[in-house]
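Morning, everyone. Please have the model open on your screens while I talk.

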Amino acid sequence: MAQLIDGKAFAASLRNDIAEEVAKLHQQGITPGLAVILVGEDPASQVYVRNKGKQTIEVGMSSFVHKLPESTSQTDLLALINKLNNDNSVQGILVQIPLPDHIDADTVINAIDPRKDVDGFHPVNVGRFSTGGNGTIPCTPLGCLMLLKDQLGDLSGARALVLGRSNIVGKPMSTLLLNENCTVTTAHSRTKDLQEECRRADILIVAVGRPEMVKGSWIKPGATVIDVGINRIEQDSGKARLVGDVQFSSAAEVAGAITPVPGGVGPMTIACLLLNTLTAALRQNDLPIPTWIPTQN
Ligand SMILES: Nc1nc2c(c(=O)[nH]1)N[C@@H](CN(C=O)c1ccc(C(=O)N[C@@H](CCC(=O)O)C(=O)O)cc1)CN2
Ligand SMILES: [Mg+2]
């Protein structure tokens, strides 16, 4: 049986480390602030935004949650972002994705001051990050990398396969693994012989949004499997159950180590958001970044 990678516990310990750094900032009269904007009433987004606000306060930062109605115009949303860009009590700004259809996500992301872009979605950060500079590392891939390094140590030379090519997870994940000297394949729905590609991987990251798509038979014995998927499945009882993009029961029989869903990557996403907010606050105050925080240089 595979070893279980406990993202929930790792995230809790990461939040403790963040809280210690925030306490040091308090002594210098600095309280990092994170503004989270939610447009509309998507039930899952409401849960994530509530947890973000709660955990922001728990580590000693200020939380500013802006809940806007579904009908909010793009102009009004841009005006709020502009206000937060110029607000000195705010070091991090995040707009919860997905946005309603009448709002263009790219326009909104481009409006965030790149220094305050704690999601790492702004093109300036994407560019800096891809070229090895100090761009914000997107939260979910950063969380996956921290779990991998904790599990495996040095990743140099490992064969990594990232299944999924989204801007939020797949693409930045491939970049991060390349920077760790892995041999990286980015696979997707058009990849030929997908199962065989997966079976060659020492590290398998799955972020496709398809419930239990990857089976145990796709996995190299002993591989490390990181499941980014969070899918709600209706059960016969009428209750919903959360499953990943990997079929956990069969995968756990073959893999060397695997993240569960829930309790794997998800909690790391929010912990890394707090980490990125801390890093943004340090940079905006021209303070050094502690060596334990993973940055690109
Ligand atoms: N602006 C952003 N939007 C979105 C991001 C993001 O990083 N930035 N990622 C996802 C949603 N997300 C954070 O926003 C997120 C998803 C899941 C979890 C989590 O803790 N999941 C739990 C299960 C919780 C549940 O019951 O649903 C787990 O996996 O254990 C945290 C954050 C899309 N949007
Ligand atoms: Mg994809």
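Helix 2 passes helix 10 in a right-handed crossing.

A word on the source. This is a predicted model, in which local features need pLDDT of at least 70 and side-chain atom pairs count only at pLDDT 80 or more, while totals for chains, interfaces and linings use all residues. Residues are numbered from 1 along each chain as its sequence is written, and chains are lettered from A and ligands numbered from 1 in the order in which they are written.

Back to the first pair. Helix 2 covers residues 43–58 and helix 10 covers residues 265–284. They pack at an angle of about 50°, with their axes 10 Å apart. Axes are lines fitted to C-alpha atoms, for helices over the stretch in contact, and angles run from 0 to 180 degrees between N-to-C directions. That angle makes helix 2 oblique to helix 10. Under 35 degrees would be roughly parallel, over 145 roughly antiparallel, and 65 to 115 roughly perpendicular; the rest is oblique.

Which residues meet in this pair? Asn-51, Lys-52, Gln-55 and Thr-56 in helix 2 meet Ile-270, Leu-273 and Leu-274 in helix 10. Contact means that the C-beta atoms, placed from the backbone, lie within 7 Å.

Now the second pair. Helix 6 (residues 139–152) packs on helix 7 (residues 170–179) at about 40°, with the axes 8 Å apart. Helix 6 and helix 7 are therefore oblique to each other. Their crossing is right-handed. Pro-141, Cys-144 and Leu-145 of helix 6 meet Pro-172, Met-173 and Leu-176 of helix 7. By class, that contact has 6 nonpolar, no polar and no charged residues.

Step back to the whole chain. How many helices and strands does it have? The count is 10 helices and 11 strands. Both are DSSP runs, numbered from the N terminus: helices are H or I with at least four residues, strands are E with at least two. Of the 297 residues, 41% count as buried. Buried means 20 or more other C-beta atoms within 10 Å of a residue's own, exposed means 12 or fewer, and partly exposed is in between; C-beta atoms are placed from the backbone.

Last, the backbone. Most residues other than glycine have a negative phi, and most peptide bonds are trans. Which bonds are cis here? One runs from Ile-97 to Pro-98, with omega near 5°. Pro-98 is in the loop between strand 4 (92–95) and helix 4 (105–111). Another runs from Val-261 to Pro-262, with omega near 0°. Pro-262 sits in the loop between strand 11 (257–258) and helix 10.

Now phi. Asp-193 is not a glycine, yet its phi is positive, about 50°. Asp-193 lies in the loop between strand 6 (183–187) and helix 8 (194–199). Is Asp-193 buried or exposed? Asp-193 is exposed, because it has 10 other C-beta atoms within 10 Å. Glu-212 also has a positive phi of about 50°. Glu-212 counts as partly exposed, with 19 C-beta neighbours inside 10 Å.

Key: Left-handed = near helix turned anticlockwise from the far one by under 90°. Contact = placed C-beta atoms within 7 Å. Nonpolar A, V, L, I, M, F, W, Y, C, P; charged D, E, K, R; others polar.
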